[in-house]
Amino acid sequence: MGDVIEANGRIYEIKYLPVNSRIAKAMVEDGEVIIKIPKHYPEREKAHAIESLKKKVKIRLIKDPDWGRVRYPNFYDGEEVSLLGERYIIRIIENGRKARGSIKGNELILKLPNADRKRVLRLMLRLVSKAMLDKLKNRIYELNQRHFGFEVKDVKLRYAMNRWGSCNARTKRININFLALMAPSDVLNYLIIHELAHLKEPNHSHKFWELVGNACPDYKERARWLRKNGRLLGLGMPNEAKKEINILI
């Protein structure tokens, strides 16, 4: 085992990456500490930056054991998920053939040659987009008509590690992270309103937050829910934990 950090009785392996950036950075991804060191740093400066970041990461992990991001969600066979308020059971079947997804009743059936997390994610995204995109579009159009009346030309479901949504004010397209469909309805509505407001105000200025606040007066509470619980969506939590986060609002 190489260099590690120990926090709360857990061992985190450290991966060092040389980068072209100006400053050294550290993050936790999939249970691994990643330290990015600028290539131009002299050896002495590299060593100092590494030790400093290791101390900061350890302190952060002790305070917040769940800190970090997940590269690929951990969907598992038999998991119960909520999508736009409807409950489904995930069925993962390794069949040695081409990946195919279908919905039968309340079951999301994923058949694929190899059920690693990346392949399951891709098939889940494809299946959810096919089944839920029209419903999501209708919700976006309804909220837009109710609060704004902006032009929306396209809506897409995507997956991103650290973005719940994005908006292209030039093309009038809104992207929503498909994991957000697993959030409580009011939280998803806030996220949609947030992206719609970007069609008029592309930054997070006072005018932007005024638009959001007029349409969603309790947006701070919804945003707080996402910050606290959003990283748990799609992580294969026990149903008891999912029920807990859904009653926080």
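1. In helix H3, Asp186, Val187 and Tyr190 meet Tyr219, Arg222, Ala223, Trp225 and Leu226 of helix H5. Sorted by class, this contact of H3 with H5 comprises 6 nonpolar residues and 2 charged ones, with no polar residue. The model is a predicted one, and every point below should be read with that in mind.

2. As for the geometry of this pair, the axes of H3 (residues 185–197) and H5 (residues 219–229) come within 9 Å and cross at roughly 105°. Because angles of 65 to 115 degrees count as roughly perpendicular, H3 is roughly perpendicular to H5.

3. Which residues of H5 are buried? They are Tyr219, Arg222, Ala223, Trp225, Leu226 and Asn229, and since they cover an arc of only 155° around the axis, they lie on the same side of H5. On the other side of H5, by contrast, Lys220, Arg227 and Lys228 are exposed.

4. The C-alpha atom of alanine 223 is separated by 21 Å from that of asparagine 168, and the two residues are 55 apart along the chain.

5. H3 also packs against helix H4 (residues 206–215), at an angle of about 140° and with the axes 9 Å apart. The two helices are therefore oblique to each other, and their crossing is right-handed. On the H3 side the contact is made by Tyr190, Ile193, His194 and Ala197, and on the H4 side by Phe208, Trp209, Leu211, Val212 and Ala215. These residues divide into 8 nonpolar and 1 polar, with no charged residue.

6. From H2 the contact draws on Leu136, Arg139, Ile140, Leu143, Asn144 and His147, and from H3 on Ser185, Leu188, Asn189, Ile192, Ile193 and Leu196. By class, the contact of H2 with H3 has 7 nonpolar, 4 polar and 1 charged residues.

7. Serine 166, placed in strand E10, has a relative accessible area of 17% and is buried. When its neighbours within four places in sequence are left aside, serine 166 is in contact with Arg173, Ile174, Asn175 and Glu195.

8. Two residues may be checked for their backbone angles, bearing in mind that most residues other than glycine have a negative phi. Asparagine 8, in the loop between strand E1 (4–7) and strand E2 (10–19), has a positive phi near 55° although it is not a glycine. Lysine 172 likewise has a positive phi, of about 65°, and is found in the loop between strand E10 (165–168) and strand E11 (173–177). Is lysine 172 buried, partly exposed or exposed? With a relative accessible area of 23%, lysine 172 is partly exposed.

Note on methods: Residues are numbered from 1 along each chain as its sequence is written. This is a predicted model: local features need pLDDT of at least 70, side-chain atom pairs count only at pLDDT 80 or more; totals for chains, interfaces and linings use all residues. Side-chain values use heavy atoms; hydrogens and water are left out. Axes are lines fitted to C-alpha atoms, for helices over the stretch in contact, and angles run from 0 to 180 degrees between N-to-C directions. Helices (H or I, at least four residues) and strands (E, at least two) are DSSP runs, numbered from the N terminus. Angles under 35 degrees count as roughly parallel, over 145 as roughly antiparallel, 65 to 115 as roughly perpendicular and the rest as oblique. Contact means heavy atoms within 4.5 Å. Ala, Val, Leu, Ile, Met, Phe, Trp, Tyr, Cys and Pro count as nonpolar, Asp, Glu, Lys and Arg as charged, and the others, Gly among them, as polar. A crossing is left-handed if the near helix is turned anticlockwise from the far one by less than a right angle, and right-handed if clockwise. Buried means under 20% relative accessible area, exposed over 50%, partly exposed in between (1.4 Å probe, protein chains only). The arc is that of the directions from the helix axis to the C-beta atoms.
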